[in-house]
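Biologist: I am new to this one. Could you take me through the terms as we look?

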Amino acid sequence: MRRLPLLLLQASLSGLLLSGMPVQAQEKNSPQNTTPTAEIPLATPTPAEPQATQESRPPATQTPAATPEPAPGNQPEAGAETDPLTQAATLLQDKSFRNKTEAVDRLITSGNEHARDWLDALLKGRLYFHKENGTIAFVSGSVIRDARSGDRLAEANQQDFRKITINNSLRKQLRTGIARLSLSSPDTAVRARAVDAMLGSIDPETAATLQTLAETEPDPDIRANMQLGVAMAALNTGTVPEQLAAIEAVADSLHPGVRNHLNALSQQDDPQLAAAASQALQHIEERIRLYGYAETLFFGLSLGSVLVLAAIGLAITFGVMGVINMAHGELIMLGAYTTWMIQQLMPNFIDYSLFLAIPAAFLVSGAVGILIERTVIRHLYGRPLETLLATFGISLILQQAVRTLISPQNVPVSNPSWMSGTLEINSVLALTLNRMYIILFCLLVFAALFMVLSRTRLGLQVRAVSQNRAMARAMGVRSARVDALTFGLGAGIAGVAGVALSQITNVGPNLGQSYIIDSFMVVVFGGVGNLWGTLVAGLSLGVINKVLEPWAGAVLAKILVLVFIILFIQKRPRGLFPQKGRAAGD
Amino acid sequence: MLLTSLLKPLAGDRGGQVMLAVLAVAALLVPILNMLPAGHALHMPTYMVTLLGKYLTYALLAVAVDLVWGYLGILSLGHGAFFALGGYAMGMYLMRQIGDRGVYGNPELPDFMVFLNWQELPWFWYGFDMFWFALMMVMLMPGVLAFIFGWLTFRSRVTGVYLSIITQALTYALMLAFFRNEMGFGGNNGLTDFKDILGFSLQADSTRIALFIASAFALAGGYLACRHIVTSRLGRVTVAIRDAESRTRFVGYRVEDYKVWIFTFSAMLAGIAGALYVPQVGIINPGEFSPLNSIEIVIWVAIGGRATLYGAILGALLVNYAKTVFTGLMPDSWLFLLGALFVVVTLYLPQGLAGLMRQLKQIRRFGRAEA
């Protein structure tokens, strides 16, 4: 009987808060307000936690969930009458929804460690009671468990149980109740989720809870969210000066709920309030639009990185060597298939497979590239149109080889776990990790290639041969070997691009074909023989594409980009960054 | 008199003479063989007639490509697009001819428009119920596109590989565009389910033979026209442009004008080929715009021998016959073979089969002289 008055006090307190208690009063009351949580250790029938943990943890997070499993014998000890579960059980069996509401209220404020499970089951329609002896049970499928002990009632018959029905207002009460209980969880993630859930539909009562909890919340993000919740409640129910203060407080928030509240406020009669609200709203929408641009830019850059990756190998073979390699797409495809094969070889180490696949793909595609150069392209230097046809033939052969040897269908390439997930900047901007990695990877590959060409002996020889073959040979450069290595380098980069593409697109025999035209566009747009041009062209084409997409649609955007490049080439036939000097002559 | 002036360009063109003679014989013989009773040993089934007709339209397309590649040095990877545009123009006429015999029975709208819930015919479909208008569009649609494209490109002196790549981008962009339902050309499925042309059922043997003969005439006419161009003064200029563009310009010729007009003419020929192709195969869809198709045309020309015109016909017929045979016998091997053809021809047969024959002849003559 000892705690019943306390429960009643809490019920009346929440009723008081519901009726629109001013913020100041709430703050003044806050010491009392801590009762639901501060009282929890007392209310729990289990023994209190050791003193040490109590000190190390703020009281807010000290919840029944943290206490060890109750001993089976502790229920008689707690006494049948004072046990909140028993009271709730009796009330829940009543048909009247008012009594059920009362029961749910008691469960929420009881601090009992089973309360959350009960509420959860009730919300999901899994809470049943026995028609004769009133035992409360969880029923899921054919499994019936005692709601107190969690033991399975093997001999129980489902016919004897009746479901506890709920209505909509009860559902709402349950959701906030569960969220409030979760708010006191020791697990940061659970608390963060609970706060997020509460922000959707905030009422003064929960706002009061949030306010008290915010003072002791150790995590700054969660605390900020809690304070946001308090301000949002004040927007709804506070006095005009409070509402103005709250508008000030939420003016930087991007939460959709804030916008709803502000929208409602901007329709208000009070001119000052309406003006402040619409100004804040404008400010927020401005920021959202800005983040929208940032997102488009991010999508564009990630698409652009894919284009750059696909094109950069071509920039070497086409740009530096003047060879039209129509089999470039198939070299990309080989890289993607190498990734698949590596994953087949080490199915238990998918997370690490990419690190092995990158060098492997470089070697495989590079080797095939050198083979192509030595057998075919070597004979066709200086006849670019013929190279185009011959390498196109090679691309057909490689495609058909993959179809015949592996499968005409797509093969499944899995993503390592560290690539999935998102980086959430705020509630309107979330960046997917795999796109981030693609951008990073593209820049890395570009930097590596740039270093090879500008800092190594091979790079020097490559540039020498491309600028003046005869002179380079006279200086002792073995031009045939340099040709083979350059082509191998370009092909190897294509293979590395294939590893990246295997993570974001379907890996099949047609993979290369779908990228070859885009790659050529990037190289031509950027200016042949210029790596920087390729980078700038690829990234900007990606961004242009994504900017056009919202109002033109994906296909039309692509068509527009193609038409744009065709027209651009008319204006500047040598691309964005034309090669200067004598080497550019032909 | 007219005939002699028409055939004048054939003087000294042994390959062309043989080719046209064979074509004339085929145009006479094929209908006769087809009309023989079904059990007869020499009877030619109608599907074979249609197949041959299809080859002839490909040959005309190859001639068009050879004109710009062989004599003007423009490697167009977009002629498939002109072919397909001509095909679409013809397809639109054939669609309108269906009338209310479609699945939905709408007398005004083709089936796919009814399916897309369109209320009225888009403006660009007007006039296609008239054959003469469709025929005009068959040449105008590819012609205008080629003119605009050529006017822009050649004036800004985009040449060589760059030109090839942007022609490829052109056909790729068109393919993407025609795949869209909103374009009003049947989207993915294209135009199909044709019933009749000029009131004759497309299923009838006689219509098929007529289409075959029309294709033969178109090919002969196209060949003679191209031959006429390349043997005239105009042709000499084009060859000069091909071999030394800057020098020709410095001599005083307006290179871009020559290029634009020859390119446009070639695109119109390709459009006519497409228009004859569609009623024979019974469908036109955006797949015809695929860059692969355009490159394939180039390889027909390369195999036959560029800058000979009759070589283009030879290459188109041979490669397509091989394609039919191989895709029937060993479907997997065709792409290997086609790929190998690309490589072998560019490496070892830069003059194509026509060049090979010329070489053989020279060796024989040289050998005789020695003996």
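This is a predicted model: local features need pLDDT of at least 70, side-chain atom pairs count only at pLDDT 80 or more; totals for chains, interfaces and linings use all residues.

Biologist: Why do strand 1 and strand 2 of chain A count as a pair?

Modeller: Pairing needs at least two bridges. Strand 1 (residues 127-130) and strand 2 (residues 136-140) of chain A have three bridges, in the antiparallel sense. They therefore count as a pair. Phe129(A) stands opposite Ile136(A) of strand 2.

Biologist: Now chain B. How do you know whether its radius of gyration agrees with that of a compact globule?

Modeller: Set the value against the rule. For 371 residues, a compact globule would have a radius of gyration near 21 Å. Chain B has 21 Å, so the two agree. Chain B holds 15 helices and four strands, and 45% of its 371 residues count as buried.

Biologist: Which residues make up the contact between the chains?

Modeller: Chain A gives 33 residues and chain B gives 37 residues. Helix 19 of chain A gives the most to the chain A side, with 14 residues.

Biologist: How does that chain A side divide by class?

Modeller: The side of chain A that touches chain B has 24 nonpolar, six polar and three charged residues.

Note on methods: Residues are numbered from 1 along each chain as its sequence is written. Chains are lettered from A and ligands numbered from 1 in the order in which they are written. Two residues are in contact if their C-beta atoms, placed from the backbone, lie within 7 Å. Helices (H or I, at least four residues) and strands (E, at least two) are DSSP runs, numbered from the N terminus. Ala, Val, Leu, Ile, Met, Phe, Trp, Tyr, Cys and Pro count as nonpolar, Asp, Glu, Lys and Arg as charged, and the others, Gly among them, as polar. The radius of gyration is taken over C-alpha atoms; the globule rule is 2.2 Å times the number of residues to the power 0.38. A residue is buried if 20 or more other C-beta atoms lie within 10 Å of its own, exposed if 12 or fewer, and partly exposed in between; C-beta atoms are placed from the backbone.
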